[in-house]
Amino acid sequence: MATTAPARRLPAPPPADPGPRAPRATLRQRLARWDVRLSPYLYVAPFFLVFAVAGLFPIVYTAYVSVHDWHLIGGQGEFVGLQNFVDVLQQPRFRTALRNTFSIFLLSSVPQVAMAIALAAVLDANLRAKTFWRMGVLLPYVVAPVAVSLIFSKMFADQSGLINALLAGVGVEPIRWHSDVLASHVAIASMVNFRWTGYNTLIALAAMQAVPRELYEAAVIDGAGRLRQFFSITVPMLRPTIIFIVITSTIGGLQIFDEPRMFDQMGLGGADRQWMTLTMYLYELGWGAQKSFGRASAVAWLLFLIIVLIGLVNFALTRRIASSGGKGGQR
Amino acid sequence: MSAPSVPMIRQTAGRGAARAAARRRGTGGVNRRPGWVTYAVLTVVLLISAYPIYYAVLLASSDAATIAQNPVPSLIPGENLLANLRRVVESDIKFWPALVNSIIVSTVTALSVVVFATLAGYSFAKLRFRGRGPLLVFVVATMAVPTQLGIVPLFIVMSKLGWVGQLQAVIVPGMVTAFGVFWMTQYLQEALPYELIEAARVDGCSMIRTFWHVALPAARPAAAMLALFTFVGSWTNFFWPFVVLGAANPTLPVAIQLLQASYFKDYSLILAGVVASTLPLVLVFVVAGRHLVTGIMQGAVKG
């Protein structure tokens with residue numbers, strides 16, 4: 001990575017080093033030396049300060065909260081060990097939430113990555129009005145997830161929704177988007193896909209444009225068709241980018257909250273919690289009826305472990321997929 | 001590449017020659033202009049991306065009775081848009097305060113991310129100091145940590161500080177992002193020559209003056225994109241503002257969410273709220289979207 005390349009030269013302090021304890025070092029010179037030494041640390045300090053307070057500390061502290069009895073209003077109670085984890089793991093709702101999270105995550109990220117790469121391949125052609133098409137693809141990205149959810153929950157309404165009306169038009173029975181488990185997951189996944197496909201498309205497109213054109217020219221000479229070129233050159237060359245997209249969409253997808261929360265006006269994930277996700281469950285435990293920060297933190301840690309685990313699995317999987325198709329593409 | 005480009009040939013030798021040149025250079029079609037099928041596919045994609053937004057406008061310009069009767073709206077907006085928008089503004093969701101809050105939060109966050117990320121990026125890219133490498137690796141690693149999971153302690157901290165329900169509870173945790181630091185480091189590494197920094201130092205500039213007069217101007221294009229990104233990100237953010245601000249002092253997404261909670265059958269009103277909250281950002285996108293697009297493209301290549 002370019003970031004770890006050593007700096008060529010440091011901007012040296014103007015006067016040559018006068019040696020240890022030189023009597024001639026004026027105050028000004030000493031200040032200048034301190035300026036050079038300390039400034040870099042001062043410049044990077046804000047990031048580390050804010051991250052320590054708002055990122056690192058909460059994650060670690062979550063572990064502390066999770067082994068205590070802890071109430072939203074009452075505050076810290078006594079140490080209970082792993083009891084919160086046991087409680088959470090025993091509740092059937094946790095399992096429902098886990099299932100929903102995975103189902104929605106798979107329904108959104110798998111088609112999304114595939115669509116993004118395919119769409120990027122289309123955009124990679126030598127188009128007229130490139131920027132226009134790219135902007136069009138990115139447009140959904142600026143619509144807030146809450147807004148997307150409200151629009152889509154109306155489109156997917158059971159009785160008066162656009163989608164069911166269209167389905168009726170072609171003679172399909174109306175689908176119960178708000179009561180069927182799978183149907184509700186499909187509807188929620190479509191919101192995620194709507195907002196993020198374009199963004200990922202542009203990331204994939206950027207990587208595609210960095211693929212040396214000579215590779216394609218060589219492939220054409222070897223008689224490879226467009227599809228063959230796509231699978232033997234484009235996909236393997238995109239490997240790092242695909243890994244990046246998969247990992248970011250895993251982190252985002254497993255924490256999904258906004259879309260399912262807004263899918264109906266109750267915000268609890270349906271009558272049978274058909275579409276309640278882990279983050280929604282976390283919220284309900286902490287800020288809902290139970291007001292148990294301890295259990296909410298236990299869910300946070302479990303989710304964190306799941307994300308790490310899935311991240312590793314993804315990484316291994318993506319590596320294999322991308323390299324097995326890459327016989328011709330490796331330079 | 002030294003060969004004349006196709007547009008250049010078109011200028012000097014006319015369209016026919018340009019087309020021939022394009023065909024010759026393409027060796028079977030790498031640089032060839034795509035056919036109508038490509039444009040047809042893209043048009044369909046574009047319609048799919050734009051339609052839900054347009055659908056919101058359609059319902060927002062209708063009235064509740066019409067929506068209940070016919071779920072498929074006509075393609076032409078009705079005439080109730082302004083009336084519905086007025087109802088949103090006059091409802092009890094504190095629309096104007098929410099709009100002001102969103103503007104404050106997004107602007108302050110974007111500015112502070114740009115300032116701090118540029119400072120840190122400059123330091124990582126161009127200054128040498130002990131621990132630089134590991135610290136930068138640490139910054140990148142933090143991008144993989146889902147900070148949302150620390151929500152419970154963060155809330156505890158905020159309530160200890162007495163910030164629950166106040167804007168700084170949303171602004172302060174977002175003041176700096178690892179993405180921003182990484183982005184500016186990458187950019188400044190290439191965009192800022194050491195000679196310029198050295199020249200300023202030789203002329204007797206202090207470190208901070210060097211940053212101000214040399215690094216900051218060089219960082220401007222990347223800073224603009226970062227600002228745009230951060231602005232969009234914090235405008236659309238929901239979970240944390242929802243948890244820590246609540247209905248008392250909402251940002252726009254939180255306020256819009258309240259519309260559904262209190263008027264859940266009145267879709268013309270709810271979607272008028274959606275339109276009102278989305279419009280500002282869509283306008284920003286139309287004006288500056290070009291930069292957002294190039295920003296994503298550049299960030300992706302380097303990241």
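Colleague: How many residues does the contact take from chain A and from chain B?

Modeller: The contact takes 100 residues from chain A and 107 residues from chain B, where contact means heavy atoms within 4.5 Å. This is a predicted model, in which local features need pLDDT of at least 70 and side-chain atom pairs count only at pLDDT 80 or more, while totals for chains, interfaces and linings use all residues. Residues are numbered from 1 along each chain as its sequence is written, chains are lettered from A and ligands numbered from 1 in the order in which they are written, and side-chain values use heavy atoms, with hydrogens and water left out.

Colleague: And how much area do chain A and chain B bury between them?

Modeller: They bury about 9600 Å², of which 76% lies on carbon and sulfur atoms; buried area is the accessible area (1.4 Å probe) that two parts lose on being put together, summed over both.

Colleague: Which helix of chain A gives the most to the side that touches chain B?

Modeller: That is helix α1 (residues 27-66), with 21 residues, a helix being a DSSP run of H or I with at least four residues, numbered from the N terminus.

Colleague: How many salt bridges does the rule find across that interface?

Modeller: The rule finds 0 between chain A and chain B, taking a salt bridge as a side-chain nitrogen of Lys or Arg within 4 Å of a carboxyl oxygen of Asp or Glu. A search of the whole structure, over all chains, finds 6.

Colleague: Where are the partners of the one between Arg213(A) and Asp124(A)?

Modeller: Arg213(A) is in helix α8 (residues 213-221) of chain A, and Asp124(A) is in the loop between α3 (92-123) and α4 (130-138), so the pair links distant parts of the chain, 89 residues apart. Their side chains meet at 3.5 Å, N to O.

Colleague: Is Asp124(A) buried or exposed?

Modeller: Asp124(A) counts as buried because its relative accessibility is 14%, whereas Arg213(A), at 24%, counts as partly exposed. Buried means under 20% relative accessible area, exposed over 50%, and partly exposed in between (1.4 Å probe, protein chains only).

Colleague: New topic: what does Arg273(A) form with Glu284(A)?

Modeller: Arg273(A) forms a salt bridge with Glu284(A), and the closest N and O atoms are 3.4 Å apart. Arg273(A) is buried, with a relative accessible area of 11%, and Glu284(A) is buried too, at 17%. Salt bridges that share partners join Arg93(A), Arg273(A) and Glu284(A) into one network.

How values were computed. Helix = DSSP H or I, 4+ residues; strand = E, 2+ residues; numbered from the N terminus.
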